[in-house]
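Subject: Structure handover

Hi,

Here is the structure you were waiting for. Please open it alongside this note, which goes through what turned up.

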Amino acid sequence: MPSHASQDRQSLHYIVRSGLAGGIAGCVAKTVVAPLDRVKILFQASNPDFQKYAGSWSGTFRAVAQIYGENGIRGLLQGHSATLLRIFPYAAIKFMAYDQIEGLLMPTRESQTNLRRFTAGAVSGMTSVLFTYPLELIRVRMAFSTRNASHSPDVYHRPSFLSAMKHIYREGTHPLPPSTSSSTSSASTSQTSIFTRFPILKFYRGFMVTITGIIPYAGTSFLAWGFLRSRLLPRSSSGSSHPTPIADLCIGAVSGALAQTVSYPFEVVRRRMQVGGITRPDRWLRWDETVRAIWSTRGWRGFYVGLSIGYLKVVPMTAVSYAVWQWERRILGL
């Protein structure tokens, strides 16, 4: 029986259904928390128009009110088109990869361990990031744009997916004023030439910190999900399980909260590097200087700015994502 299940899991029909279930789950979950996602990006990337709201729960809702007052519901969903374009393949690859890796590392319930759960989650997260990162960068840039940050606030236009992509591609093509430091000037010139020769690298700003951060995030999330389900929702002797939507929501919420807590500093550094093309379009911001900039501005608290809204967003998002994923798996017979 296990060999037949393993063979079926590796079939194209199973892989396509597994990816479809994961993609739909990701889109539903992201749509539920889209307004909070926009505000969190503005906080994390230290957008000057919204820094006065950062650091409190009430500030989160005041920021939402300001965005809604200036641009309506479309303002709250700014960047969501790019989110959906990214999240469907991202979630599809993540859950599909987890299904495959789980089958290889843990073909039976007896072979399930916390280390294997963590490994399967981390590898699936890294795989999905590798293939979808440029879409994530475009989404962040679209969400980061605000009326006051534009050159003409009175005629502010929300950035489209294509305009954001073109803007990133053209970053650093205009000469900057000469630097007073020869070392800084030579470094900028060197990195500008790299961007000129390999413009695709502009779509991978913050990629390494993202890959590093996804390991504890996805690993912890799937570890908690698998561990809690094995303890709280034991299967029957026949190996089948009954629908448990409330339990799936609760276990998913706990998994999301734990994963967010473990990986949040990486996410803050990643957001700052992703919008680095706006502040320093001529060069690639390094980990160390980004970390130093955050530390010098706000100390250790700077690495947790927006964490409250992070919980407010990630907990329901992860809960919905896992619950819809399980629901889709039952419908598709996975």
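Together with Tyr-68 and Leu-77, Ile-73 makes a nonpolar surface patch of about 300 Å². Please keep in mind that this is a predicted model.

**Overall fold**

The protein chain has 13 helices and zero strands. Along the sequence, the pattern therefore reads α-α-α-α-α-α-α-α-α-α-α-α-α. Of the 334 residues in the chain, 49% are buried.

**Helix 5**

This helix comes up several times below. Helix 5 has 26 residues. From first C-alpha to last, helix 5 reaches 35 Å, close to the 38 Å expected at 1.5 Å a residue. Where does helix 5 kink? The kink lies at Ile-87, shortly before the proline Pro-89, and amounts to about 25 degrees.

Leu-104 also belongs to helix 5, which spans residues 80-105. Is Leu-104 buried or exposed? Its relative accessible area is 61%, so Leu-104 is exposed. Ala-120 is 16 residues from Leu-104 in sequence. In space, the two C-alpha atoms are 9.3 Å apart.

**Aromatic pairs**

A search of the whole structure gives 13 aromatic pairs. One of them joins Phe-95 and Phe-222. The ring centres are 6.0 Å apart and the planes stand at 80 degrees, an edge-to-face pair. This pair links distant parts of the chain. Phe-95 is in helix 5, and Phe-222 is in helix 9 (residues 207-232), 127 residues apart. Both Phe-95 and Phe-222 are buried.

Tyr-204 and Phe-207 make another pair. Their ring centres are 5.2 Å apart, and their planes meet at 80 degrees, so this pair is edge-to-face as well. The angle decides the label because planes over 60 degrees apart count as edge-to-face. Phe-207 has 15% relative accessibility, so Phe-207 counts as buried.

Phe-95 and Phe-222 also belong to an aromatic cluster.

**Salt bridges**

How many salt bridges does the structure hold? There are three.

Arg-329 and Asp-99 form one of them, with N and O 2.9 Å apart. This pair connects distant parts of the chain: Arg-329 in helix 13 (residues 307-332) and Asp-99 in helix 5, 230 residues apart. Arg-329 and Asp-99 are both buried.

Arg-229 and Asp-248 form another, and their closest N and O atoms are 2.5 Å apart. Arg-229 lies in helix 9 and Asp-248 in helix 10 (residues 245-274), 19 residues apart. Here too, both Arg-229 and Asp-248 are buried.

Asp-248 also pairs with Arg-330. In this salt bridge the closest N and O atoms are 3.8 Å apart. Asp-248 is in helix 10 and Arg-330 in helix 13, so the pair ties together parts 82 residues apart in sequence.

How exposed are these two residues? Asp-248 has a relative accessible area of 0%, so Asp-248 is buried. Arg-330 has a relative accessible area of 30%, so Arg-330 is partly exposed. The reason for that label is the cut-off: partly exposed is the range between under 20% for buried and over 50% for exposed.

**Helix 7**

One last stop is Met-165, in helix 7 (residues 161-170). With a relative accessible area of 30%, Met-165 is partly exposed. Arg-139 is 26 residues from Met-165 in sequence. Their C-alpha atoms are 9.4 Å apart in space.

**Where to look**

For a quick tour, view these sites:

- the kink at Ile-87 in helix 5
- the nonpolar surface patch made by Tyr-68, Ile-73 and Leu-77

Best wishes

Note on methods: Residues numbered from 1 in each chain as written. Predicted model: local features only at pLDDT ≥ 70, side-chain atom pairs only at ≥ 80, totals over all residues. Heavy atoms only, no water. Patch = residues over 30% accessible without salt bridge, like charges linked within 9 Å, V, L, I, M, F, W, Y side chains within 5 Å. Areas by Shrake-Rupley, 256 points an atom, 1.4 Å probe, with all protein chains shown as cover. Salt bridge = Lys/Arg side-chain N within 4 Å of Asp/Glu carboxyl O. Helix = DSSP H or I, 4+ residues; strand = E, 2+ residues; numbered from the N terminus. Buried < 20%, exposed > 50% of the residue type's maximum accessible area, 1.4 Å probe, protein only. Expected span 1.5 Å × (residues − 1). Bend = angle between axes of the 7 residues up to and from the residue. Phe/Tyr/Trp six-rings, centres within 6.5 Å; stacked < 30°, edge-to-face > 60°.
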